[in-house]
Amino acid sequence: MPVYSISHVENVRVCVVMVGLPARGKSLIAQKIVRYLSWLSIKSKCFNVGNYRREIASDVVVNAEFFDPRNEEGLKTRKEAVNRAITDMMNWFSEENGVVGILDATNSTKARRDRILKLCRENSIEPMFLESYCDDQDLILQNIIDVKTTSPDYIDTSNEFATDDFLKRISYYEEIYETMDTKSDSDLTFIKLVNVNSQIILNRIESYLESRIVYYVMNLHIKPRCIYLSRHGESEYNLTGQIGGDSNLSERGWKYAKKLPELVLKSLGEENKHTNLTVWTSTLKRTQQTSSFLPYKRKLQWKALDELDAGECDGMTYEEIEQNFPEDFKARDDDKYEYRYRGGESYRDIVIRLEPIIMELERQENILIITHQAVLRCLYAYFMNIPQEESPWMSIPLHTLIKLEPRAYSTLVSRMKADIPAVSTYKEKGTSQLGEFASGTGISKSRDLIRDSELVTPK
């Protein structure tokens, strides 16, 4: 069962209709909502009209003139893109039992929004409009830079061309753009974000699912930032193969703790070396010891970041668990996400207790989180939209710093591996032995989500 069985209780399906001029962070917000709801087991999907437009006009060089409202060919292509996106979304709702669909487009005019509104209501889908309104020029220019680095429209262009062309594209949209307000749109359900979250206007938020989306969106910002993730250094329990506990770092774990400040500095880069990170750890000794050499003043401990509670199996090795609780051992292998240790937790339980962490994380800018294997798997799955059934099987090695940079169209990932050996704590399905290739050969799809080829070892 999902964490929140909202759709089953209310039998509500919601179409979130994005509204706003280009470079207002709509795609980033849309992707974040999908990640958040999917993470909570609410079936969600984003339908980006720009992707449909690029598919239809794959052989056309698209520049600002393409978006001139007087360009008949461009207008025809863009209308076809919207129609395809809406058709696919409606099919997804009906054929795949979708719960929250997001139509990611400018939806600039009241006439366009009225058409979507009518179609949704005819199909018993609740329309919810989400407008990102922004007149902060610095923020707009920063968003344009983000689009330049991640949008397929500007892959092979210079920053100067991309900025000028995108500003011209925005000016064409401004000719026809109609913002939403509580007078002319008083009968609609909508959220209006003014300059991200400087002001938030809510109108007719009626269902619990809509309120969950509102609660999440109110915690968002779209400023560029980096999130650093690291497991604690190798621990004494890691060396003996025991799970859980509150052991100290091993000798090599302390070496990683001393190396971590250098890794962070290299990852930040010379231009950002004075960035003041906030460091979050769990309440367990091995994470606090790992953070002890970091020069940053703001360090916070979160009980919610503690490792998965193994209950009666705490302090045992997997061999001992297999011997003493063979049925539990098999049940966990069969459904690792849902399995709850006797008197302990499941991965789903971790997701539930991490939700306040996610909300606070979305409010923050640059954060370094030092925590544990299961917790990092859940956090990484959130940012990378990894299916829940795959997330408990991801390989997240010790002594590796992961850098995440959320962008409009994707999350950029880079990893830096310390040149300090550590044991593998990865357990393959079907075995009690630890190690990446303990059973069979090859790398599974889920484990391959973090590939050695993406690791960078500092010189």
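These legends describe close-up views of a predicted model. Local features need pLDDT of at least 70, side-chain atom pairs count only at pLDDT 80 or more, and totals for chains, interfaces and linings use all residues. Residues are numbered from 1 along each chain as its sequence is written, and side-chain values use heavy atoms, with hydrogens and water left out.

**View 1. The largest pocket.** The largest pocket holds about 810 Å³ of space. A pocket is an open set of points on a 1 Å grid over the protein atoms alone, with protein on both sides within 12 Å along at least five of seven lines. Grid points are joined across faces, edges and corners, and a volume is the space filled by probe spheres set on the points. Lining residues have an atom within 4 Å of a point. The largest pocket has 40 of them, and Pro22, Phe67, Ala105, Thr106 and Tyr173 are the closest to its centre. Two or more lining residues come from each of helix 2 (26-39), helix 3 (49-56), helix 4 (72-95), helix 5 (110-122), helix 6 (137-150) and helix 7 (159-174). Helix 4 gives the largest share, five residues. Helices (H or I, at least four residues) and strands (E, at least two) are DSSP runs, numbered from the N terminus. By class, the pocket lining has 19 nonpolar, ten polar and eleven charged residues. Here Ala, Val, Leu, Ile, Met, Phe, Trp, Tyr, Cys and Pro count as nonpolar, Asp, Glu, Lys and Arg as charged, and the others, Gly among them, as polar.

View 2. Rolling a probe the size of a water molecule over the atoms shows where empty space is left. A cavity is a set of grid points where a 1.4 Å probe fits but cannot get out. The whole structure has two cavities of 30 Å³ or more. The largest share, three residues, is from helix 15. The lining divides into ten nonpolar, eight polar and seven charged residues.

**View 3. The second largest cavity.** Helix 12 and helix 13 (326-334) each give two or more residues. Helix 13 gives the most, four residues. Five lining residues are nonpolar, none is polar and five are charged.

**View 4. Aromatic pairs.** Rings of Phe, Tyr and Trp (its six-membered ring) pair if their centres lie within 6.5 Å; planes under 30 degrees apart are stacked, over 60 edge-to-face and the rest tilted. The count is eleven aromatic pairs. Phe66 and Phe67 are edge-to-face, because their ring centres are 5.3 Å apart and their planes stand at 75°. Both Phe66 and Phe67 are buried. Trp280 and Trp302 form a tilted pair, 5.0 Å centre to centre with 55° between the planes. Trp280 is in strand 8 (residues 278-281), and Trp302 is in the loop between strand 9 (299-301) and helix 12 (318-324), 22 residues apart. Buried means under 20% relative accessible area, exposed over 50%, partly exposed in between (1.4 Å probe, protein chains only). Trp280 is buried at 1%, while Trp302 is partly exposed at 23%. Trp39, Tyr382 and Phe383 form one aromatic cluster.

**View 5. Lysines over rings.** A charge sits over a ring if NZ of Lys or CZ of Arg is within 6 Å of the ring centre and within 35 degrees of the ring normal. Lys192 lies over the face of Tyr133, 5.0 Å from the ring centre. The charged end of Lys336 sits over the ring of Trp393, at 4.3 Å from its centre.

View 6. Val14 lies in strand 1 (residues 14-19). Val14 is buried, because its relative accessibility is 0%. Contact means heavy atoms within 4.5 Å. Beyond neighbours within four places in sequence, Val14 contacts residues including Phe93, Val99, Ile125, Met128 and Leu209. Thr281 has its place in strand 8. At 3% relative accessibility, Thr281 is buried. Leaving aside neighbours within four places in sequence, its contacts include Gln288, Leu300, Trp302 and Ile370.
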